[in-house]
Every structure is written in structure tokens, then in C-alpha cells.
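Dear colleague,

I am handing over the structure we discussed, and I would be glad if you could look through it alongside the notes below.

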Amino acid sequence: MAGDHYIQAALMGRWGEPPAKALRKRSIAVRMKEPAKTFQTTPENVGKENSLYPAWLEKFWQVYEGNFIRASGGLDAGALQPGDETYLLLHVSALKPRKASFLDDLNEFQAGNNLPAFTQTDLPIERVNAVLRTLPYAQTWRWRVLLPPQGERFIISDRGLCEFGDLDPRTGKEWPSHGVFFPFGPRVGVLGFRHEPELHRRVFRPLDFSDRLTLNCGYTALLNLRLWEDAERFVVAHPSDRALIETIGNGAEIRLDPDGPYRFRPFGFLGD
């Protein structure tokens with residue numbers, strides 16, 4: 001079926017079955033917001049619009065797409081190749097500019113700063129400009145690879161990310177480290193957050209994905225809930241998790257491990 005994917009079909013296919021099929025043709029579970037429905041389909045059929053990008057911009061996305069999917073598999077296995085960090089960074093920097101609604105985001109900023117509105121003619125090059133603006137900013141983030149506990153899986157939204165802010169349970173105040181969670185597969189995702197020299201103990205190294213932590217009970221569900229809340233149109237899950245996404249956001253209590261989000265790191269925060 002024709003159309004331009006604003007969330008990569010191959011990325012959604014990492015949640016699909018069976019593994020023997022091409023990523024774009026695997027079966028995935030999808031929950032839509034409007035109209036509200038849950039169903040199974042293939043990545044070929046969701047997350048796209050006709051004539052979303054000109055041909056030259058599709059080629060620009062393709063510069064990193066294939067290598068990003070390969071690098072995601074390497075991150076899953078804990079075996080990145082030299083230079084793979086660049087493809088991960090390109091992916092996270094391009095997620096928002098790829099959005100179907102990106103012109104609305106641009107013009108909301110323009111209006112808030114008394115600047116002239118962009119048009120559909122401006123949009124393709126402004127998507128690229130936004131990627132180029134985001135890349136150096138993302139290079140200043142700390143990165144943490146998150147793994148769900150055995151038997152649990154992440155979902156992914158049509159935005160490919162969710163934003164987070166931590167609360168310090170000891171004071172009730174917001175922890176200063178805010179960031180973004182990017183699921184790269186049902187069993188792996190990365191957390192990007194600002195480095196705070198006065199708060200973070202580890203030495204800061206740009207593009208360092210060596211910090212791998214397994215989540216404690218409740219935190220996979222918490223991140224999945226944030227992904228659903230931040231989704232514009234839909235979320236994708238492994239076919240076995242169809243019932244999970246059908247009930248996500250129904251107000252059920254999420255019980256978080258009192259030791260904090262990470263196994264073998266008590267009393268921490270997602271972005272500590």
C-alpha cells in the first residue's frame with residue numbers, strides 16, 4: 001500500500017511475529033485513540049500518510065534508517081558496532097521532525113515568538129533544519145539503556161517516544177533531570193536526559209550507551225502508560241500484549257518497587 005511512514009515500518013516490525021518474516025510484514029497489535037479500537041495488522045498498514053514527504057526527503061531518511069534498525073538489534077544484544085551511536089542519535093533527532101503534524105508544532109512556536117508562519121512549501125526543508133538543530137543538543141544528553149524484567153515488554157507509540165520527569169519521593173519535589181524515553185524494541189529502549197553535574201555521579205561521556213540497567217517491578221508499566229498518554233494516534237505492541245494495550249490507561253494502579261526503578265541500584269530515579 002502506498003504512503004510515507006512517519007514512524008518507521010521496520011521499527012514497528014521489531015514488535016512483530018513471526019521472526020522469519022520481513023520486519024514490515026510481521027503481525028503487530030495496534031490500539032488506536034480515534035476511533036477507539038484494537039486490532040492486529042502489519043507495519044505496512046499503519047503510521048503513514050500519502051504524499052507526506054517529497055522524494056528527496058525520503059532519501060534523506062533512508063541515510064540512517066537501515067543502519068538504525070541494525071544498530072537497534074545490536075543494542076538489544078549489547079553489541080554495538082563502532083559508529084552505531086551515530087545512527088541511534090539520528091533516529092532520536094528525527095522523530096519529531098518526521099511527524100505528520102510537525103507544521104502545527106512549528107507554527108505554534110512561531111506564533112509564540114511573534115514570527116511569521118511556515119507554509120507547506122517551507123515544511124520539507126524545515127524538517128531537515130529541525131533534525132540539524134536537535135543533533136548537537138542530543139549530543140549533550142546522558143544515555144541509559146533500559147531493559148524490562150523477564151516476561152515484560154515495552155510498547156511503542158506513533159511518536160516513538162515519551163517524555164518524563166521524576167518526583168523525589170522523599171521530598172515530593174520534582175527531580176531536576178527531565179528526559180525522553182525511546183523504545184527501540186519490545187526488550188530494549190534508551191533513556192536520554194540532561195546531564196546535571198551536581199546530581200549525576202558518573203563521568204559524562206557523549207554518545208555513551210554503556211549504562212545498561214534492568215527495570216524493577218512496575219516501571220515497564222509506568223513507561224508504557226506514558227507512551228500511551230503521549231501517543232498522537234496509536235500504540236503498537238507484541239501480538240501477545242493485545243490485552244495489555246486494550247486496558248492501558250484505564251486507571252488501574254501501578255505498583256512501583258519501593259527500592260526505585262533499577263535492579264541493584266536502590267533508591268534511585270529514572271534520570272539519576
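This is a predicted model: local features need pLDDT of at least 70, side-chain atom pairs count only at pLDDT 80 or more; totals for chains, interfaces and linings use all residues.

Residues are numbered from 1 along each chain as its sequence is written, and side-chain values use heavy atoms, with hydrogens and water left out.

The protein has a radius of gyration of 19 Å, which agrees with the value near 19 Å that a compact globule of 272 residues would have (taken over C-alpha atoms, the rule being 2.2 Å times the number of residues to the power 0.38). Its C-alpha atoms fill a box of roughly 50 × 45 × 40 Å along the principal axes, and 51% of the 272 residues count as buried, that is, under 20% relative accessible area with a 1.4 Å probe and protein chains only.

As for secondary structure, the protein contains seven helices and 11 strands, where helices (H or I, at least four residues) and strands (E, at least two) are DSSP runs numbered from the N terminus. Four strands form an open sheet in the order β3-β2-β11-β6, with antiparallel pairing, two strands being paired if DSSP finds at least two bridges between them. Because β3 (37–41) and β6 (156–157) each have a single partner strand, they stand at the edges, and one side of each is left without a neighbour in the sheet. The antiparallel pairing of β6 with β11 (residues 234–237) runs over two bridges, and Ser 157 stands opposite Val 235 in β11.

Best regards

Terms used:
Buried means under 20% relative accessible area, exposed over 50%, partly exposed in between (1.4 Å probe, protein chains only).
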